[in-house]
Amino acid sequence: MPSYENLPRDGIFHAVCPLDCPDQCGLLLHKQDGKIVKVEGDPEHPVTKGHICNKVRNMAERFHDEKRLQYPLKRVGAKGEGCFARISWDEALSTITDHWKELIQTDGPESILLYSFYGNMGRLAAEGMDRRFWNRLGASRLDRTICNSAGAVGYKYTMGGSFGIDPEDTIHTKLFIFWGINAVSTNMHQVALAQKARRENGAKIVVIDVHKNQTGRLADWFIPILPGTDSALALGLMHILFDENMVDEDFLKKYTVGHEELREHVKQYDPMAVSEITGVPVDDVYRLARMYGTTSPSFIRIGNGPQHHDNGGMFVRTVSCLPALTGQWLVKGGGALKGNSGFLAHNAARLQRPDFLKNKNTRSVNMNLLGDALLTLDPPVNSLYVYGSNPAVVAPSSRKVREGLAREDLFTVVHDLFLTETAKYADIVLPATSSFENTDFYTSYWHHFVQLQQPVIEPFGEAKSNVEVFRLLAERMGFTDTAFTETEAEMIRGALDNPQNPYLDGVNYEVLAERHYVKADVKPLFPGRLPTPSGKIELYSERMKKDGYPPLPTYVQLVDDGEEFPFQFVPGPNHNFLNSTFSNNDKHVSLEKGPLLFMNWEDAARLGIEDGEQVRVWNHRGEVELKAAVGDSVLSGVVVTQGLWADETGISDATVKTETKHLVNILTPDRIADMGGGATFFSGRVAVEKLQ
């Protein structure tokens with residue numbers, strides 16, 4: 001447990017942004033009388049350089065919010081009603097572990113399911129003592145696939161793992177393609193690097209997306225595209241690159257496998273056919289291909305958006321082939337970046353202790369199927385423990401999720417900073433510390449720095465960290481393994497001791513404690529050998545063939561989600577929330593103003609909808625009410641909304657007959673994507689009408 005005895009009450013302290021964001025900014029926290037009064041960027045951080053977003057700038061208000069949970073609670077009303085009474089930690093822990101011991105005796109440990117994600121990106125908070133505890137208990141395992149799993153698998157088929165270019169090198173880039181990423185809101189420092197390259201080197205910025213959001217508006221050229229058709233566009237570009245001899249034959253021969261097969265394969269994706277599929281004019285397909293084929297260095301920032309489709313894994317697998325065709329991986333500032341977490345891979349086995357699962361054939365539950373798991377899984381889930389996530393808002397097919405949470409026989413525990421929508425269904429609620437109250441280490445999935453967070457403020461009320469709570473639960477469950485008594489510093493030392501990752505040589509707890517952040521010793525990918533079966537970029541993948549996929553990049557149509565619903569529905573992120581985080585904070589809500597439905601003016605005119613009018617958006621899963629934003633920011637047949645908004649009115653009863661007005665994930669499918677068990681948030685369809 002961290003020591004808080006000698007914390008200064010005043011001063012400026014180094015910190016790390018804990019949000020699930022690739023930038024992972026270095027911060028400076030200004031503290032007066034024991035409270036954080038100002039959050040600013042650390043100007044000395046080599047990548048983020050003192051610039052931070054609105055979310056982080058106003059984070060002090062979140063951590064000192066009067067609505068924060070201060071002590072454990074037990075439910076005294078109906079599930080979903082939000083009525084609780086204060087209890088002690090001793091009573092809370094006894095209630096939880098006594099219930100679990102009884103369940104294990106009667107139904108086995110698999111009747112207990114955890115649900116967590118990266119609400120706090122600290123490695124100890126998200127995948128440390130908790131993973132040890134669940135593995136030792138033998139609970140049902142959670143397949144954490146809600147975010148980037150489909151794309152990660154697709155990229156791995158091509159490149160062997162999560163490896164891209166160093167974002168710091170993109171100041172040399174002459175052509176930036178932001179593909180399916182609203183980087184202004186979700187990767188602002190990559191935008192800053194692109195703008196610097198534009199100012200100093202005349203670089204061009206191209207944005208390909210389904211919505212002309214803030215990133216689209218800053219582009220030199222915005223290309224709107226129909227949802228789920230991105231792989232077809234990438235294949236059309238390949239067709240032109242090969243056809244017009246704009247490929248680097250030497251690079252293809254030396255560093256790839258399957259280039260001849262790909263050359264023949266993409267002949268079927270002629271620009272006219274691609275234009276009909278994607279909605280991108282044929283002249284623009286040619287213009288983009290020629291721009292990409294003749295500009296060097298060129299860089300593709302691959303976003304999370306298109307991978308949230310039925311064909312999302314194949315999209316990332318496809319677009320990641322493009323830099324190989326033009327040999328951009330050998331050019332400083334050229335290549336692609338989906339993620340860089342492979343460079344900072346820590347010793348996950350030592351941190352999480354999967355060896356505790358030995359001889360335990362525990363089942364795995366895909367987190368995108370939480371609703372089904374709670375309602376239909378056999379044997380049933382009889383207890384749910386939630387932390388680092390708010391599934392009542394963020395999970396797909398939210399109606400089913402809330403129906404499952406409303407089960408009276410489901411014993412639910414939620415550990416969080418606030419009484420979230422999910423916590424209102426809990427039997428026991430535990431107050432969580434913020435990241436600034438913890439000791440933890442952070443590894444970016446974009447830049448190459450490892451960072452250390454040490455406590456800056458004392459725990460809020462009786463709040464406890466994930467590490468401490470799982471230590472206490474382990475003790476109550478009678479687990480005597482030394483793994484449950486390690487300090488945070490010992491856990492970090494073990495995690496950073498990873499002989500399998502030479503990039504982390506010299507990165508350890510002591511160095512981080514002195515310097516706050518350290519850059520891994522990362523070398524360019526080429527010349528070199530990739531961790532693919534061939535050691536090269538696999539344009540043709542035998543591994544994909546064995547796994548039942550087409551071995552060459554292929555466009556696959558989306559699943560029919562109901563022809564009676566005319567609009568493709570994309571619920572993307574907004575600027576001032578991160579998933580549901582900050583959606584309950586008055587300052588952030590005032591900055592975002594309100595949920596909108598962006599629709600094309602032609603569609604609006606046909607339906608008699610005017611800009612600013614309230615509309616009903618529905619499908620067979622449920623309905624929401626939003627304000628129409630009519631214009632040309634989306635193509636006809638597409639509607640987009642941004643942000644996951646907190647409940648306004650709560651749930652009327654345990655059967656979830658009346659949903660909140662803005663719970664957009666009620667409309668989203670819980671189908672599983674083509675690869676990695678990924679989510680398909682963006683592959684749903686809806687109907688829209690003006691509210692009477």
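**A salt bridge across the chain**

Glu 486 and Arg 132 form a salt bridge in which the closest N and O atoms are 3.1 Å apart. The two residues belong to distant parts of the chain, 354 residues apart: Glu 486 is in the loop between α21 (466-476) and α22 (488-496), and Arg 132 is in helix α5 (residues 129-137). The model described here is predicted.

Glu 486 is partly exposed, because its relative accessibility is 27%, whereas Arg 132 is buried at 2%, under the 20% cut-off.

**Further salt bridges**

In total, 39 salt bridges are found in the whole structure. One of them joins Asp 561 to Arg 671, with the closest N and O atoms 2.6 Å apart. Asp 561 is in the loop between α24 (542-546) and β22 (567-572), and Arg 671 is in the loop between β26 (638-642) and β27 (684-690), so this pair ties together parts 110 residues apart in sequence. Asp 561 is buried, with a relative accessible area of 6%, while Arg 671 is partly exposed at 21%.

Another salt bridge is formed by Arg 616 and Glu 689, whose closest N and O atoms are 3.0 Å apart. Because Arg 616 lies in strand β24 (residues 614-619) and Glu 689 in strand β27, parts 73 residues apart in sequence are tied together. A network of salt bridges links Arg 75, Lys 79, Glu 408 and Asp 427.

**Helix α10**

Helix α10 (residues 230-243) has 14 residues, which should span 20 Å at 1.5 Å a residue; the end C-alpha atoms are 20 Å apart, in agreement. Since 13 of the 14 residues are buried, α10 is largely enclosed by the rest of the structure. Just after α10, Asn 245 takes a positive phi of about 55 degrees.

Notes
Residues are numbered from 1 along each chain as its sequence is written. This is a predicted model: local features need pLDDT of at least 70, side-chain atom pairs count only at pLDDT 80 or more; totals for chains, interfaces and linings use all residues. Side-chain values use heavy atoms; hydrogens and water are left out. Helices (H or I, at least four residues) and strands (E, at least two) are DSSP runs, numbered from the N terminus. The expected span of a helix is 1.5 Å times one less than its number of residues. Buried means under 20% relative accessible area, exposed over 50%, partly exposed in between (1.4 Å probe, protein chains only). A salt bridge is a side-chain nitrogen of Lys or Arg within 4 Å of a carboxyl oxygen of Asp or Glu.
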